[in-house]
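Trainee: Hi! Could you walk me through this one? I'd like to ask things as I go.
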Amino acid sequence: MTVAYFPNVGEPKPVVRLRGHSRRFGENLILDDLDLDIAPGEFVALLGHSGSGKTTLLRTLAGLDTPDGEDVTIPSQRAVVFQDARLLPWKRVWKNVTLGLKGRDVRDRAEAALAEVGLSHRLEAWPLTLSGGEAQRTALARALVREPELLLLDEPFAALDALTRLKMHELVLKLWRVHRPAVLIVTHDVDEAIALADRVLVLAKGRIVAEERIEAERGQRTASVRELRRRLLNHLGVTSHSGTYADAVAGTPLLSEAAE
Ligand SMILES: Nc1ncnc2c1ncn2[C@@H]1O[C@H](COP(=O)(O)OP(=O)(O)OP(=O)(O)O)[C@@H](O)[C@H]1O
């Protein structure tokens, strides 16, 4: 009997694969021989201090920055949502959503995507009349309509108030469960990372210096993640001994749980 050997059975091919990825701006080495894999449908959060290179890494994954000679695999179907919605003010909301797309069904596709983010009633609105939350919903619809295999979120909720941010967390998780793209969210917010992700990465000195998997169900993470939160804050140089931020957040529920 011949036994076939399939070494990678059970391990889906990653949608993102970086090996030895470096990026330099002048004298400054921002990404230093960095490795990263993201599996299909995986939700990954990237934490790191200001200036640690999070956006630089995200721009590589978005195909906006492609240094020569690097081993970089990224999917062609990808979409990015930035901190500001970046809508064209002279185009109506639905036209912003389908910007650059062609075909007779673009209006239908915009309607479907805007319905999914709860903005059916704002189809014909001008971007400047949207609230901050509505603008980010529109940006999410614009990403969604492209059916991305990889959804990149660069601090997409940082400018929103806490309640709106909470609602956006729920929306992103809902969309992720339906469409199952791989997601990489860049955030400064340890609680946001814990509330959303399957895996949290910490970027420092140009590399992924820490990686934490979160097995607990979303929505039931308060009790089980206190130690994880402490570890992640530690990786970011915030120790509970200082009696400052880590202690202050230790007793507070995660945003997504506070809403339940
Ligand atoms: N096009 C560029 N030219 C020169 N330097 C750059 C360029 N883009 C980024 N940098 C530098 O690279 C470093 C990393 O920037 P990056 O925006 O990736 O950090 P970040 O972790 O996303 O920061 P933040 O959390 O503040 O957004 C910074 O020191 C920044 O000044």
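Trainee: Which residue in strand 8 stands opposite Leu47?
Mentor: Good place to begin! This is a predicted model, and in it Leu47 stands opposite Val202 of strand 8.

Trainee: Okay, and in which sense do strand 3 and strand 8 pair?
Mentor: Strand 3, residues 43–48, pairs with strand 8, residues 199–204, in the parallel sense. There are 5 bridges between strand 3 and strand 8.

Trainee: What about strand 8 and strand 9, parallel or antiparallel?
Mentor: Strand 8 and strand 9 run antiparallel, with 6 bridges joining them. Strand 9 covers residues 207–213. As an example to click on, Leu203 has Ile208 in strand 9 as its bridge partner.

Trainee: How many residues sit between the strands in that hairpin?
Mentor: The hairpin of strand 8 and strand 9 has 2 residues between the strands. Have a look at Lys205 there, which takes a positive phi near 55°.

Trainee: Nice. Switching topic: which residues are around the ligand?
Mentor: The residues around the ligand are Phe25, Ile30, Gly48, Ser50, Gly51, Ser52, Gly53, Lys54, Thr55 and Thr56.

Trainee: Which helix gives the largest share of that shell?
Mentor: That's helix 1, residues 54–61, with 3 residues in the shell around the ligand.

Trainee: And how do the shell residues divide into nonpolar, polar and charged?
Mentor: The shell around the ligand has 7 polar residues, 2 nonpolar and 1 charged.

Trainee: Let's zoom out. What domains does the chain have?
Mentor: The domain assignment gives domain 1, made of 16–77 plus 149–236, and domain 2, which is 86–147. Their C-alpha centres lie 25 Å apart.

Trainee: How many residues of each domain are in contact with the other?
Mentor: On the domain 1 side there are 12 residues, in contact with 10 residues of domain 2. Helix 5, residues 162–179, gives the most to that side of domain 1, with 6 residues. The side of domain 1 touching domain 2 divides into 8 nonpolar residues, 3 polar and 1 charged.

Notes:
Residues numbered from 1 in each chain as written. Predicted model: local features only at pLDDT ≥ 70, side-chain atom pairs only at ≥ 80, totals over all residues. Domains from an automatic or database assignment. Contact = placed C-beta atoms within 7 Å. Helix = DSSP H or I, 4+ residues; strand = E, 2+ residues; numbered from the N terminus. Nonpolar A, V, L, I, M, F, W, Y, C, P; charged D, E, K, R; others polar. Near = placed C-beta within 6 Å. Pairing = 2+ DSSP bridges.
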